[in-house]
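Please have the sequence and the three-dimensional view open while reading this report.

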Amino acid sequence: MNRWKDWWEQALRDEEKARLDLEHGYYEWACFTAQQSAEKALKALCMHKGFEPWGYSLLALLQSLKQAGLDIPREVERYAKSLDLYYIPTRYPNGLPAGKPSDYYTEEEAREAIDACNNILQWCKAHIHKEG
C-alpha cells in the first residue's frame, strides 16, 4: 500500500505548525518543524514515484529523487541543505556548544526556515501534480 498522500497531508500540517511556532515565539521549533514538513513532503514525492525513502536528510532524499530521474534545481538543494542544519541542534542542548536551543534561534531564522520549507513543498507539489 502506497501511503504518499498521508505523508503529503502531514507535511502540510507540519508547515502549519511551524507557522504557529513562529507566531508564538518558539523559533527553534519553527525551524525544526519546517525541516520536518519538508522531509515528509520529499518522502511523499519519493513514494509517489514508487520507491520507499529512507533517512532524515533532505539532501539525501533529493539525491534519491535525482537517481530516480528528477532534475533537482540548485535552489531546492540549497533550501534542503539549510533545513538539514535544523534537525538536531534545534531540539537538544548537547547539539550546541552551551545553553539551550531557545537561546540560539531567532525570528529571522524561523521565517527563513519556513520560506525554505514552502519552496520545497511547492517543488514537490509541482511534481506530484505533473505526474497525476
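This is a predicted model: local features need pLDDT of at least 70, side-chain atom pairs count only at pLDDT 80 or more; totals for chains, interfaces and linings use all residues.

**Helix packing**

Helix α1, which covers residues 4-23, packs on helix α2, which covers residues 27-48, at an angle of about 165°. Because angles over 145 degrees count as roughly antiparallel, α1 is described as roughly antiparallel to α2. In the contact of α1 with α2 there are 13 nonpolar, five polar and six charged residues.

Helices α4 and α5 pack at an angle of about 135°, and this makes α4 oblique to α5. On the α4 side the residues that meet α5 are Val76, Tyr79, Ala80, Ser82 and Leu83, and on the α5 side their partners are Ala113, Ala116, Cys117, Asn119, Ile120 and Trp123. By class, this contact of α4 with α5 holds nine nonpolar and two polar residues, and no charged residues.

The table sets out the geometry of the two pairs.

| Pair | Angle | Axis separation | Crossing |
|---|---|---|---|
| α1 and α2 | about 165° | 8 Å | left-handed |
| α4 and α5 | about 135° | 9 Å | left-handed |

**The nonpolar core**

The largest nonpolar core of the model has 38 residues, and those with the most contacts inside it are Leu42, Leu65, Leu83, Ile120 and Trp123. At least two residues of this core are supplied by each of α1, α2, α3 (58-67), α4 (74-84) and α5 (107-130).

Trp123, already named among the α5 residues that meet α4, touches Leu42, Leu45, Leu62, Leu65, Leu70, Asp71, Ile72, Pro73 and Val76 when residues up to four places away in sequence are not counted.

Histidine 127 lies in helix α5. Its relative accessible area is 11%, and a value under 20% counts as buried, so histidine 127 is classed as buried.

Not counting residues up to four places away in sequence, isoleucine 114 touches Glu15, Ala18, Arg19, Leu22, Ala30 and Ala34. For one of these, leucine 22, the separation from isoleucine 114 is 92 residues in sequence, while the C-alpha to C-alpha distance in space is 8.9 Å.

Conventions: Residues are numbered from 1 along each chain as its sequence is written. Side-chain values use heavy atoms; hydrogens and water are left out. Axes are lines fitted to C-alpha atoms, for helices over the stretch in contact, and angles run from 0 to 180 degrees between N-to-C directions. Helices (H or I, at least four residues) and strands (E, at least two) are DSSP runs, numbered from the N terminus. Angles under 35 degrees count as roughly parallel, over 145 as roughly antiparallel, 65 to 115 as roughly perpendicular and the rest as oblique. A crossing is left-handed if the near helix is turned anticlockwise from the far one by less than a right angle, and right-handed if clockwise. Ala, Val, Leu, Ile, Met, Phe, Trp, Tyr, Cys and Pro count as nonpolar, Asp, Glu, Lys and Arg as charged, and the others, Gly among them, as polar. A nonpolar core is a set of buried Ala, Val, Leu, Ile, Met, Phe, Trp, Tyr and Cys residues joined through side-chain atoms within 4.5 Å. Buried means under 20% relative accessible area, exposed over 50%, partly exposed in between (1.4 Å probe, protein chains only). Contact means heavy atoms within 4.5 Å.
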